[in-house]
Amino acid sequence: MNAPMSPPKKLRVATTSLAGCFGCHMSFLDIDERILKLLELIEFDRSPLTDIKHCGPCDLGIIEGGLCNAENVHVLREFRRNCKIILALGACAINGGLPAQRNHLDLRDVLEEVYQTEHLLGRGGIPNDPELPLPLNKVHPIHEVVKVDYFLPGCPPSADAIWKLLTDLLAGRTPTLGHGLLHYD
Amino acid sequence: MSDTDMIDAVLDRHHHDGTRLMQILRETQEQLGWLSPATLTHIAKAIAWPRAQVEGTADFYSFFHTRPLGRYRVLWSDNITDRMLGNTDLLEAMCKKLWLEPGRVSEDGLVSVDVTSCTGMCDQGPAVLVNCRAITRMTPARVGEMVGLIRSETPLAEWPAEWFAVDDNIRRKDILLAHDLVPGQALAAALERGAEKMLAEIKAARLRGRGGAGFATGLKWEACRSAAGHGAGAAHYVVCNADEGEPGTFKDRVLLTSYAGLVFEGMSIAGLVVGAKKGLLYLRGEYRYLLEPLESALAVRRDAKLLGKNILGTDFEFDIEIHLGAGAYICGEESALIESLEGKPGRPRIRPPFPVTHGYLDQPTTVNNVETLAASCLIAAHGSDWYAQHGTEKSTGSKILSVSGDCERPGIYEYPYGVAVRQVLEDCGASDCQAVQISGPSGMCAAEAEFDRKIAFEDIPTAGAFMVFDETRDMFEVARNFAHFFAHESCGFCTPCRVGTTLVRNLMDKIARNHGSPYDIDELFKLHRLMQGASHCGLGNTACNPIFDTLNKFRPAYEHRLMSLDYEPAFDLDAALSQARQMTGRDDAAAHLKNGAEA
């Protein structure tokens with residue numbers, strides 16, 4: 001008689017939003033009731049959904065958003081150290097996206113304009129509390145700082161695209177999105 | 001004459017014909033210095049094209065300026081061979097003397113200095129183009145003098161004539177360059193044979209295209225000949241591809257300088273075979289200085305009844321027109337070249353249909369390399385048996401090589417097909433040779449172990465470039481120069497090539513800044529595979545060849561630049577907080593970021 005199969009070990013998944021708008025996470029939640037099916041396969045580690053503050057060893061790390069400050073870099077590196085696979089989710093993680101629109105300006109001019117020149121805002125001077133992460137000179141996509149294994153473009157990527165990519169990854173298939181799930185208009 | 005009158009004169013000369021837009025824009029710009037928005041509007045109206053289409057063409061080509069770039073526009077040829085001859089220092093010195101940043105126009109609108117892709121003067125560099133006129137052999141002294149002439153606004157016509165001297169540097173002649181044909185001899189032989197027998201002769205000689213791909217010329221001509229013209233403008237066309245843009249290639253320049261008659265005669269023979277009355281020679285913009293000599297060579301042939309109606313007393317009619325390109329490597333691809341001939345941006349067409357059935361103005365067109373057409377004269381005059389005795393079984397005849405780089409005698413070498421790489425190196429005086437880039441960046445990089453391989457379609461096919469690198473050269477920097485070339489020359493039409501060439505360039509720059517990691521090398525291989533399989537045309541397909549070859553044959557040149565075995569950021573992370581640190585006055589631990597390996 002065959003021994004009863006033990007339920008397969010659930011895969012651990014961590015997610016975070018760096019310099020992003022959480023739109024990719026919202027789109028992720030748009031998989032709707034499929035999340036129940038997903039939860040049979042995975043358990044969440046650090047994620048806005050669990051409020052766990054630090055990432056432990058994981059199978060998959062999902063990164064939304066690019067890098068605009070030092071804290072983003074620390075979080076990204078924590079993910080890379082702990083996750084076997086890193087997925088760059090959405091336009092900002094892949095290209096810098098909207099936050100990178102400041103890249104054609106000098107950061108010093110931006111800080112000066114906002115905190116010193118601008119009436120009302122400037123009263124406290126440029127915030128320099130060590131609690132606050134310093135902004136980077138430029139906003140960077142995440143693959144410029146750590147190795148990224150998979151990229152899912154879109155602003156945001158559709159729920160169906162996220163679902164397809166996740167189910168492929170979880171099943172051990174090389175993800176392919178195919179027609180209709182990957183388009184730029 | 002007012003600007004408008006001037007433009008109208010150009011337009012009249014070209015019969016307000018939109019398909020001649022390239023020539024209209026070039027001639028207008030030669031007079032006005034640049035193509036202002038008003039100029040483009042005026043031209044668009046006159047040729048009854050949408051303005052966006054006219055602007056599309058004007059924007060596409062490097063040598064058309066839609067903003068003023070100074071009364072003197074100095075462009076330094078930036079091929080690796082120019083680099084090896086010290087062009088970077090000379091450019092810097094020039095900018096310093098002119099108080100100028102590369103790529104920026106001086107405040108008084110006098111001058112701008114920038115780089116451009118290889119201008120085909122590799123055997124006599126470093127080369128520059130000043131207002132599209134080629135100047136060779138730049139030296140620190142010439143830079144100084146040139147700055148003086150620019151400052152005093154001396155017209156180009158009064159600059160020292162020897163600066164504009166372009167030497168042929170023919171070092172070895174074989175059957176083509178040592179030919180003894182008199183003008184008209186080959187054409188007369190072809191006319192006597194008649195079109196069909198001439199075609200049979202080309203096929204029997206097994207002539208193959210000299211542009212690199214080696215397609216059978218006889219098959220191409222036969223396909224064009226048997227295709228029917230379409231509609232009201234039914235006609236057949238012969239196009240001579242003289243858009244010699246592959247870095248390191250300059251043999252067509254020499255053929256058009258000293259063997260133009262032979263090239264025109266080859267075009268006429270092709271016209272006879274395919275049934276064309278008109279031939280077009282597409283001359284790259286870098287060779288603008290050849291336009292007038294070529295026009296007068298055409299006039300001489302017309303006077304001698306070798307062009308025009310009733311050629312040599314027969315009823316064969318054929319004439320040739322010269323079109324100038326405007327600095328776009330992609331136009332060496334035949335369907336992009338045809339688009340350009342029609343006044344459009346040089347974007348490769350989707351094939352099939354091939355140009356032999358739907359080419360210039362949608363009519364059957366044969367596009368052949370300069371050297372192929374010249375070689376056809378030898379077959380016409382001496383017959384296929386004689387021709388096929390030269391070269392090898394699958395590569396009959398001879399091949400002209402453009403030799404440059406680290407050798408004592410750079411220049412033009414013609415050999416029968418089948419010559420070993422080592423033989424060429426010996427003849428040109430290349431000692432301590434480390435590698436040869438054959439057929440340009442899109443060709444192959446041969447290392448020492450391959451020097452006994454042969455130049456022939458059955459072994460190493462080539463369009464003619466032969467760039468020599470000695471032991472002191474860094475093959476990584478060679479490949480990086482080529483990566484920049486392709487990123488600049490991608491036409492932008494298809495994503496794999498447009499994005500891929502830029503990603504490759506950025507990765508090469510990352511490795512050059514000592515920020516590279518093994519992942520980046522994997523990524524280069526991945527991009528090579530992707531671009532080879534998914535690009536629209538040969539540019540994207542071959543753009544990673546130099547990277548792939550040097551990674552396989554000169555891997556340590558990459559590896560000793562890698563920072564560590566871990567992934568490395570593309571930039572200095574701690575320096576990326578410098579501005580915020582400065583503005584906040586912070587210097588605590590949290591105000592710093594460790595770089596890759598330390599993190």
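This is a predicted model: local features need pLDDT of at least 70, side-chain atom pairs count only at pLDDT 80 or more; totals for chains, interfaces and linings use all residues.
Residues are numbered from 1 along each chain as its sequence is written, while chains are lettered from A and ligands numbered from 1 in the order in which they are written.

Back to the pair: helix 12 (residues 260-274) of chain B and helix 13 (residues 291-303) of chain B have axes that come within 10 Å and cross at roughly 60 degrees. Helices here are DSSP runs (H or I, at least four residues), numbered from the N terminus. On the helix 12 side of chain B, B:A260, B:G261 and B:F264 meet B:L294, B:A297, B:L298 and B:R301 of helix 13 of chain B. Contact means C-beta atoms, placed from the backbone, within 7 Å.

Now for the chains: 22 residues of chain B are in contact with 18 residues of chain A. Helix 24 (residues 578-584) of chain B gives the largest share of that side of chain B, 7 residues.

Here is the make-up by class (Ala, Val, Leu, Ile, Met, Phe, Trp, Tyr, Cys and Pro count as nonpolar, Asp, Glu, Lys and Arg as charged, the others, Gly among them, as polar).

| Contact | Residues by class |
|---|---|
| Helix 12 of chain B with helix 13 of chain B | 5 nonpolar, 1 polar and 1 charged residues |
| Side of chain B that touches chain A | 14 nonpolar, 5 polar and 3 charged residues |

As for scores, the model has ipTM 0.71 and pTM 0.86.

Definitions and conventions. Axes are lines fitted to C-alpha atoms, for helices over the stretch in contact, and angles run from 0 to 180 degrees between N-to-C directions. Helices (H or I, at least four residues) and strands (E, at least two) are DSSP runs, numbered from the N terminus. Two residues are in contact if their C-beta atoms, placed from the backbone, lie within 7 Å.
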